[in-house]
Amino acid sequence: MTTAPAASASLAERLDGLLFFPVTAYGPDGALDLDVYRTHVRRGIEAGAGAVFACCGTGEFHALTPEEFHDCVTVAVEEAAAVEAAGGVRVPVVAGAGYGTALAVQYAELAERAGADGLLAMPPYLVVADQEGLVRHYTALAGSTGLDVVVYQRDNAVFTPETVVRLARVPGITGLKDGLGDLDLMQRIVSAVREAGADNGFRYFNGLPTAELTGLAYRSIGVTLYSSAVFCFVPEVALAFHRALTAGDDDVVNRLLDGFFRPLVELRNQGRGYAVSLVKAGVRLRGLDVGEVRPPLSEPSAAHVKELAGLIERGMELVGEGGAR
């Protein structure tokens, strides 16, 4: 059993910088390739990831067996520890947990045994619950584990401001990842939690696909953390954008938005499941064979992969231009 390091700081306090959501690597036969996955995670941490979110949406949580999930989280924890042992910063490892309450609790137990630092609680499977049911679900999950929990808002798990206030008061629930993109709702959530005095240490982050495109908008309401799928395959561009956004360098931000991120989003929107499969294609284009996506997702077309290759080249050129360093 891998044991998580003792840490005085909570998960919320440790989350900083770019949040890295690695893809899950498969071999030519479709089986899990832990060696390649290990390399992918290690490269991401060494490139400057602020945290590793293993086996979440980009990591095809839906397609993994419990055993594969445990193995991947274990590898991510081992690589975080190895980077620390080599003199680097120990970044937190957060694992996905989902489906119904009973299964989410089982995945939480697997993540805890693997040494994870926290959980990303994805929406319950299939059902559309009312607010009371959602509170019961996430409260039960948080109460079942010693790991801090970040709740993921999207699809069939959309919360009223009053519900988020209740969740923020649940011991162990430490943050909200927004994958919905309703800025009016997010502003009301942030305001309600603050007014209720429930925001002590509670964190928010932008979890939309290609979150860089909405980074300026989220930053305007005080949400500065975000997940970066681009970091998986072109960390140079992701980090340059993050530095510019943090520093308020609008020229660089706009240059990268116009020349790379907006075209990438337009490409991503041309195919179902491209928020995952196009990312895996990007990782392969950068020289690491992480395999294809598992069903029911499908691979992007050859034409779209070619277009992605051109965007990667353009992104690297933009990073090399004055100011985007």
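For the residue classes used below, Ala, Val, Leu, Ile, Met, Phe, Trp, Tyr, Cys and Pro count as nonpolar, Asp, Glu, Lys and Arg as charged, and the others, Gly among them, as polar. What you have above is a predicted model, where local features need pLDDT of at least 70 and side-chain atom pairs count only at pLDDT 80 or more, while totals for chains, interfaces and linings use all residues. Residues are numbered from 1 along each chain as its sequence is written, and side-chain values use heavy atoms, with hydrogens and water left out.

Let's start with the barrel. Eight strands close up in the order S1-S2-S3-S4-S5-S6-S7-S8, with parallel pairing, and the twist from one strand to the next averages 30°. Strands (E, at least two residues) and helices (H or I, at least four) are DSSP runs numbered from the N terminus, and two strands pair if DSSP finds at least two bridges between them.

Zoom in on S3. On one side, three bridges join S2 to S3 in parallel, and Val 52 has Val 93 as its bridge partner in S3. S3 also runs parallel to S4, with four bridges joining them; here Ala 97 stands opposite Ala 121 in S4.

Now for the helices. H4 lies across S3 and S4, at about 155° to S3. Helix H2 (residues 34-47) lies across strands S1 (18-20) and S2 (51-54), running at about 175° to S1. Contact here means heavy atoms within 4.5 Å; axes are lines fitted to C-alpha atoms, for helices over the stretch in contact, and angles run from 0 to 180 degrees between N-to-C directions.

A few loops deserve a look at their backbone. Tyr 99, between strand S3 (93-97) and helix H4 (101-114), has a positive phi near 75°. Leu 126 sits in the loop between strand S4 (118-121) and helix H5 (131-143), with phi near 70°, again positive in a residue other than glycine. At 67% relative accessibility, Leu 126 counts as exposed. Then there is the cis peptide bond from Pro 295 to Pro 296, with omega near 10°; Pro 296 is in the loop between helix H12 (274-285) and helix H13 (302-320).

A pocket is an open set of points on a 1 Å grid over the protein atoms alone, with protein on both sides within 12 Å along at least five of seven lines; a cavity is a set where a 1.4 Å probe fits but cannot get out, and lining residues have an atom within 4 Å of a point. Of the 37 residues lining the largest pocket, Gly 57, Tyr 152, Arg 154, Asp 155 and Val 276 are the closest to its centre. The lining has 20 nonpolar, 13 polar and four charged residues, and H12 gives the most, with three.

Note on methods:
Buried means under 20% relative accessible area, exposed over 50%, partly exposed in between (1.4 Å probe, protein chains only).
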